[in-house]
Amino acid sequence: GLISYGRKINKTSLPRAITFTGSFYSLGIPPEFLDIGAISKLKLDNFTLLHKYYKNYIKNITQAGKFLNWQNLKKLAQKSKGWEKIIGDIKKAENILKIKFGPRNKKEFLHSKFTSLLLRSKTNHKKVKKLITQIGILQKSLG
């Protein structure tokens, strides 16, 4: 649009941040998990540095992890090897951080149910809009 600005690196167009993160959260795959495998490559000194400059990393990743829909992630992995790598990275991070990602309470399980319905309903635009709204209300944001 007239007010938007270009986001390109060389010839690659980049998405708007809210659209990008909102899409992933709506599928039950918090974007924080897209490169979580990097944590498995950190040495102890790097963890100290991470904690120094990003004090709430564990808290933030734990909060995002409540909205992880393993079922959707596994469905996507059946169609693309990239998702399989993300699954492996998340499992490594769970072991390193001693955290189990996924829903834990009624609200988080309802979020997971809605994100599963959204993936199954992806061609029904009216239903998708309704589900995205419900998902956003449960997680108190879209992205």
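Glutamate 94 and lysine 100 form a salt bridge, with their closest N and O atoms 3.9 Å apart. The term salt bridge is used when a side-chain nitrogen of Lys or Arg is within 4 Å of a carboxyl oxygen of Asp or Glu. Glutamate 94 is buried at 9% relative accessible area, whereas lysine 100 is exposed at 60%. Here, buried means under 20% relative accessible area, exposed over 50%, and partly exposed in between (1.4 Å probe, protein chains only).

This is a predicted model, where local features need pLDDT of at least 70, side-chain atom pairs count only at pLDDT 80 or more, and totals for chains, interfaces and linings use all residues. Residues are numbered from 1 along each chain as its sequence is written, and side-chain values use heavy atoms, leaving out hydrogens and water.

## A second pair, within a helix

The structure has two salt bridges. In the other pair, lysine 85 meets aspartate 89 at 2.9 Å, N to O. Both belong to helix α5 (residues 81-97), where they sit four residues apart, about one turn of the helix. Helices are DSSP runs (H or I, at least four residues), numbered from the N terminus. Lysine 85 is exposed at 52%, while aspartate 89 is buried at 7%.

## The two sides of α7

Which residues of α7 are buried? They are Val128, Leu131, Ile135, Gly136, Leu138 and Gln139.
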